[in-house]
Amino acid sequence: MKESSFRKGYGPEDVFEELNGESPNTAFFSTFTFSPAVFHEKYVLPLLRLGCGNIAVLTDPLGYSQSLSVASFAEGIGTDYRLRSVPLSGAFHAKLALIRCRGFMLVGVGSGNLTASGLLTNAEVSALYRIQNVDSLTQLDNLVSRLSMLAGLSSNPGIRSLPIPLTEDSRLITSLDDPIFSQCNFPTDVELVEIVSPFVDEQLLALAYIRDRWPEARIRLRIDPAFGFLNEALLEFGSNVEIFVPKEPVENNGKKCRPLVHGKLMCFIGAELSTVLLGSANLSRPASMSTENFEAVVERSIPSTEAKQLLKTPNVQWRKATREDRTAGSKFTSIQSVAPLNARVSEHRIEVTWSATLPTMAILKLSRRGRCVLTSTLQSLEKNGRTQSASSEISDEVIQNLDGPATAELNFSDGRIARGWIDIADRLGITPALKRQFSLLNAIISDPEECTVKDVADFIEQLQRNLQQGRRMAMTRPSRRSDESDEAADDALIDRSSLLIEGGVSGIDGALLFERLIRRKMNQAINELSFFRSGLRTAGRTLKDPSADPDSSNDQISTTEKGRLPPRIATVLSELFRQLASAIEECDSAATAAYYVCAIPNCIDAMRFAITKWSAELHVTDLLSQNFDKVISACCAPGVRSVFQRSGSLKLFSEDDRNRWNDTAMFADGIAALESGLLIDFHTEQKQRHPLIRDMYDVLKLFKLPGPEELQSVAGALWKLAGRGLEDSPNFADLRQQIETVRGEESAILGCREALHQLVLTSHSGSLDRQQQLALARTAANGNIGDADLLLTLIRESGNRICLVEVPIDENACPKCDITLPGSVQNQLKSPTAFWRCSNCGRLLVRSLEL
Amino acid sequence: MNEELAFGWRPVDEDTSSGLDFLGLASPIEGILDAETIGITNATERARYFSIVPWIHWKYAKQGGEGSRKDQRNFTIGYEQLLAYANVASVESSGKQMTGIIRRDECERHWKEQLADLPLRGDAIKDTPSPLDAALYGPSLRRFNLLARTEDGDACCRAGRIIAEELDKTFSLLEGKRTLLTAETVKRSTVQVWAEYLSLDKPIKEEKRLLRSLLFSADEFDTGSIPSRVSSMLLLLSLAVESPEPFTSSELEVWLATGARPDSTEFIPDSRLETSWTRWRILAFLKFLRHASELSFAAVHRFVRVSATASSFFATAESAAQQLSHELAAAGDDAERLPTCYRDLTEKFDQSTQYVGWEPEESSPECMLRHAIKLVAWCHSLLRSPENRPLLEDHAATIGSQVDADLRGWFEQLELLDDVSTIDALRWLTVDRGIARHFQVAARKLAQHDTFRLIEDENGVHATEKCPVANIAIRIGAMLSLMSDVGLLKREPNGYVASASAAGWLKKQLIRLS
């Protein structure tokens, strides 16, 4: 892009090419008209994927009204970015893109709005700069503050905005404090003024200004009648003023090929040097000669020869205007007047702010996707100058429904209406990583059939990152950029007030909110996929062999009977479960353990999604059992007496903790998954493992377990996920009863140890006969005859005076004589039923069963 | 230091296209169709392409020796041309109409030129259209296991070989069998001989039996489980058997929506076809609701264009839609005028009410929008009847929920209209379901250069040149045509009727299903 940038404007793709993977801290846009759908596709999604956590758009009330009209299908407003209307006496007309990264800012200035035509099809002018100079950055940050203040996003008034140096010959000029023309440095010897301006003011005051200031200069004005009016007065303005209009191309198959000319470019050409103004300002009094409008232009000083080349409009040729070209301009049919309204939902509360000139009482309606999710009466409690506000509690059900852009509307008794987007603080305040997660999730669920291996793998990898970040969220309030270390230098200036309005649910509740949202969306996608796949499976087909070309389209029909999970997906899934198990093992508090238990359903859903998508049931039995069993052990390991020699993280829960978490839906789902996994293991594993499974089940039983129907449903799904046929599915309620009849390993070990103690004691007293001794020894040796004989031999060799000593788990020496035990003995003693006679002091050593 | 990266006119995106799914409502319909009609598409309407194309490939393979992909293609093109010539000749001699002839335009042109030698191969012959095209029979031939794509070219599979060998018993006796293998031209007289045997309307007796078996089989001739395609065709056949009069696919779709038999009484499918019945009824509703949405959007589009010619402009698409809604509410005589409340509109449509029709009476914006809201109310009144509740509980009723285009979602929103005025219902239809949807869909498809039909800019909203509304095909036409080709239905001038063997075949297949 750099090589060919001169005399070429920029598009969104150029911005992201220049960012080159850099994650912006903030992205700030201004526009007059606004299309949420195009903005979302062109800017929001790529920004989220880069991890930009703070995106805001300021628009004119017209653009805001346009966004509300498409509320039923808009994406991202109030959840991924904030949208604010800025009412001025004129138009909020500037088209700026201010993207702040560490150490630099990308500054985009142009004539194109954030609409389809503005970003794609119109002939528009624009300029893009990479600003690193500290003074310029400070001024640009000040400009953002000023605009934020105007939009009610900040309380920082900033300072007066002066022209901001962009390069040696370019400055950014806005009309915030002074008219554009009054801040420009024009050549002293202007002899020609070349202008492209879609609109001119009706009284032609701006044109008159130029004519009067440079009476000797020729003025050539290019105007597209599709936009502004072209009347007699303009055509007859003066002998030194020439008016041009675009040549209409010949229709080609019903299509007219010329773009509409919406670019605004003014070249004040002197003998050698020229001043070029490029940006949003038309040749009109409100735009160029007053502060009524908010406008932004780049003023650039360039050689006059280059200035003339700038006038070549793409795909447009100009001709002199004639009287036949006269137009009256567009006179719009009035649109329904709706008063502005600001609304914000945080946790279970909605706060609404509206004009103080409107009534104090109203009916509040919240809508999402065109459906009303709440209607209630609202009474303002607080007047603050020109606004009044009210707040109200909202139920969990309503919160659940606000899982995307939503609007609030106040209907007043006098028939007036106030309407606006809701800022859902819990979504806006999430970490950039989670925002990225949602953008990846949306890419998958919007078309689960067509999404690629890369999409799914990226999503699963992001789940892995969530596991790391969730721990932090569970423990602390979210930081502004949670993926940054504290030591990381961040030179971007932070508007302190933005820290107040970021909000968002912190701690474990915040973390769980997103797990819940992810789960809901994943379930919808799985639901669709399973429907499509069921039809294909009936025909004994899979859509494609992913190993052939993981990202190819679906027209590759495989003749193989069953699908295979793409290797990359299998790898990332294994890694996801490995990380989950290891994160659970490392838990040091009930809160973090609870978070990971809540994360279990989403990890399983990720596996279910992949398996459903690639129809790979028969190939994943190992994948599920190997991976999920690690998670079960990490949660339910019964303690040091078990072969795990440690306690699972569920043992961190006190009774109060259990009471708190038992009623949390995601946690309950996690527990249900763990129970299902254990029961499946119980059903499929060999009997030798049953005592251990029973011990783990005893750990789980301290928590609220699902009802029989829910258990059957959850366990049945897990059973199916493991590639087993539903017809072979056991009755899991019966399995619950069966597991209760098994004696746990822990209980058996305690029995062994008790018998050993008795054997040693009775050997001292000689109260047992040989047969009784032998029976006790066998119990102590857990039924092992050889060990029992050895034990009796050791007792006899000691003259029936042997002493029993328990070696603490972390000890490597005999606790009595302190002689270091050989490595093989240390290993041997890891078994809770093993024993060894100390070669130094002769005591009988066994492993302690307590910590 | 600071750096200028761009300065000047932004390049203009000149690419445009105009897909017909401008509201993004096709994907749930296509998704369910893919699940219910594996191997069949809207384009696969002639059964003989499932026999003759495999025969061509079998024939190539049987030539022995060595070849190449190009060589194979050259061989098959010749026979594709011959097939088209033969059917053009057949149409000419019989005077009957025939649909679905691939390469028809080109071959008809040569045929009418009265050339003695008709081109078969060579530079003058284009590679497409071909039955192997992805948009025609290509995927289906592979899905039916007739052909398979290999590294060396298209191979004939076992099922294809069985049919080919049967066909070859007849074809090998025909004139020019050797020269046709490589010839660049074919004599007109030879085509006339082949016309009797290659007509799409006249499969050979044993070929017809095999094709019937293929269409109603799982994998390769009854070796696997029963796919949903079979249930779908049997369902259509059972409706056809009940119809004493010829019927069209459009009429059949109305039966599906109303749940009625051809004689307007309730249709109760065989228990083995209940799932298919539910799925196809869902598909019918999704089709009608999609049509209503597209019609309402097209009405706004036309209104914007018509208004512009009268120098009346709207600031936003929403304001144009509102203006149109208000004009419609006030327009027409008493009999034609819409009731003030939407509920009154739905009450006009109970189960016994006649279908409102596909096309509006006129193409004025008001007439189009009036028709659209009537279609919505018709669907709504049918969906809310207690007998139709099972439709909303079926898994397929949730397909499309990701894009808010599932039948259950539709019904939820329709129920919310119950207490609103007709004006508000029109706003919902034109803005919430039309304009808002379109802007999002168009933006998503920008990468594919799909075009915005309505463009909002600083100069207000503008409409593009055209906004054609799709005639949504849900593969019923293709299935009826295929069943007709294999002798289960008969083509009549005004539709299809069940053949004499249909009822017996249906009964036999239903037993097989159980």
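Helices α12(B) and α17(B) are roughly antiparallel to each other, because angles over 145 degrees are classed in this way, with under 35 counted as roughly parallel, 65 to 115 as roughly perpendicular and the rest as oblique. In this predicted model, local features need pLDDT of at least 70 and side-chain atom pairs count only at pLDDT 80 or more, whereas totals for chains, interfaces and linings use all residues. Residues are numbered from 1 along each chain as its sequence is written, chains are lettered from A and ligands numbered from 1 in the order in which they are written, and side-chain values use heavy atoms, with hydrogens and water left out.

**Helix packing**

Two packed helices are described by the angle between their axes and the distance between the axes. Here axes are lines fitted to C-alpha atoms, for helices over the stretch in contact, and angles run from 0 to 180 degrees between N-to-C directions. Helices (H or I, at least four residues) and strands (E, at least two) are DSSP runs, numbered from the N terminus.

| Helix pair | Residues | Angle | Axis distance |
|---|---|---|---|
| α12(B) and α17(B) | 317-330 and 422-444 | about 150° | 9 Å |
| α2(A) and α13(A) | 36-49 and 432-445 | about 120° | 7 Å |
| α18(A) and α21(A) | 590-613 and 665-684 | roughly 70° | within 7 Å |

The contact of α12(B) with α17(B) comprises 9 nonpolar, 4 polar and 2 charged residues. In this classification Ala, Val, Leu, Ile, Met, Phe, Trp, Tyr, Cys and Pro are nonpolar, Asp, Glu, Lys and Arg are charged, and the others, Gly among them, are polar.

In chain A, α2(A) and α13(A) are oblique to each other, and their crossing is left-handed. L45(A), L48(A) and R49(A) of α2(A) make the contact with K435(A), R436(A), S439(A), L440(A) and A443(A) of α13(A). These residues divide into 4 nonpolar, 1 polar and 3 charged.

Helices α18(A) and α21(A) are roughly perpendicular and cross in a left-handed sense. Among the contact residues are V597(A), I600(A) and I604(A) of α18(A), and F667(A), I671(A) and L674(A) of α21(A). By class, the contact of α18(A) with α21(A) has 11 nonpolar, 2 polar and 1 charged residues.

**Interface and salt bridges**

The contact between the chains takes 102 residues from chain A and 70 residues from chain B. Together the two chains bury about 7,600 Å², 54% of it on carbon and sulfur atoms; buried area is the accessible area (1.4 Å probe) that two parts lose on being put together, summed over both.

A salt bridge is a side-chain nitrogen of Lys or Arg within 4 Å of a carboxyl oxygen of Asp or Glu. The interface of chain A and chain B holds 4 salt bridges, and R371(A) pairs with D404(B) at 3.0 Å, N to O. Over all chains the count is 81 salt bridges. Within chain A, E299(A) forms a salt bridge with R171(A), their closest N and O atoms lying 2.9 Å apart. Since E299(A) lies in strand β14 (residues 296-303) and R171(A) in strand β8 (residues 170-174), the pair ties together parts that are 128 residues apart in sequence.

**Backbone features**

A cis peptide bond, with omega about 0°, joins T128(B) and P129(B). P129(B) is in the loop between β2 (117-119) and α5 (138-143) of chain B.

Definitions and conventions: A crossing is left-handed if the near helix is turned anticlockwise from the far one by less than a right angle, and right-handed if clockwise. Contact means heavy atoms within 4.5 Å.
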